[in-house]
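The sequence and the structure come before the discussion.

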Amino acid sequence: MNTIKEKQAEESGYGQEVSVVISGCEKGDARMVFDVLRAAFTTDRASVDVPQHLAGKRPTAWVVTVDVAEARVVSGPVALGAPVSVDVQGGYWAVERLRQSLAHAFDVTVVGTVSGDQEEEVRLRLANR
């Protein structure tokens, strides 16, 4: 059941984009997460745009913007080499919709949240189902 705020966001198109940051994992696991996001939603990354490690000792972060306005069904579980931490930021309705969609492919645990007036940032831990 949608709240009035969620329904208004859904109808207006406001707050339907979610920023997703993946870091601290192998590039193959980052690609699996991106593939699931692309299967479920429209993203700003083409399928040929795959995560790469850069030379050096700095941490690598991969970023994608996801439009959750039109969700597609994710077919089932996806295998990761190790659990992946994902930071997502967007409107409450949009972040929840993204979390629910990821739950079709992964075991999703909310590790922490920071709430704002109209948006929230959530750290998710994705693991094999």
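Of the contacts in the protein with a separation of 6 or more, what percentage is accounted for by residues 24 or more positions apart? In this predicted model, such pairs account for 71% of those contacts.

**Overall make-up**

The protein holds 3 helices and 6 strands. Along the sequence they follow the order α-β-α-β-β-β-α-β-β. The protein has 129 residues, of which 36% count as buried.

Strand β1 covers residues 17–23. Val-18, Val-20 and Ile-22 make up its covered face, while Glu-17, Ser-19, Val-21 and Ser-23 lie on the uncovered one. In a regular strand, side chains alternate between the two faces of the sheet.

β1 is joined to β3 and also to β4, as the table sets out.

| Pair | Residues of the partner | Bridges | Direction |
|---|---|---|---|
| β1 and β3 | residues 61–67 | 7 bridges | antiparallel |
| β1 and β4 | residues 84–91 | 6 bridges | antiparallel |

Individual positions can be named on both sides. Ile-22, from the covered face of β1, has Trp-62 as its bridge partner in β3. Ser-23, from the uncovered face, stands opposite Ser-85 in β4.

**Helix α2**

Helix α2 spans residues 27–40, 14 residues in total. From its first C-alpha to its last it reaches 20 Å, close to the 20 Å expected at 1.5 Å a residue. Its buried residues are Asp-29, Ala-30, Val-33, Phe-34, Val-36, Leu-37, Arg-38 and Ala-40; charged Asp-29 and Arg-38 are thus listed together with Val-33 and Leu-37. The cover over these buried residues includes strands β1, β2 (42–43), β3, β4 and β6, as well as helix α3 (92–102). β1, β3 and β4, the strands of the table above, are therefore among the elements that cover α2.

**Glu-120**

Strand β6 (residues 119–127) contains Glu-120. Which side chain of opposite charge is nearest to Glu-120, and how far away is it? That side chain is Arg-99, at 7.9 Å. A salt bridge requires a side-chain nitrogen within 4 Å of a carboxyl oxygen, and Glu-120, although buried, has none.

Apart from neighbours within four places in sequence, Glu-120 is in contact with Val-88, Gln-89, Gly-90, Tyr-92, Val-95, Val-114 and Ser-115.

Terms used: Residues numbered from 1 in each chain as written. Predicted model: local features only at pLDDT ≥ 70, side-chain atom pairs only at ≥ 80, totals over all residues. Heavy atoms only, no water. Helix = DSSP H or I, 4+ residues; strand = E, 2+ residues; numbered from the N terminus. Buried < 20%, exposed > 50% of the residue type's maximum accessible area, 1.4 Å probe, protein only. Contact = heavy atoms within 4.5 Å. Pairing = 2+ DSSP bridges. Expected span 1.5 Å × (residues − 1).
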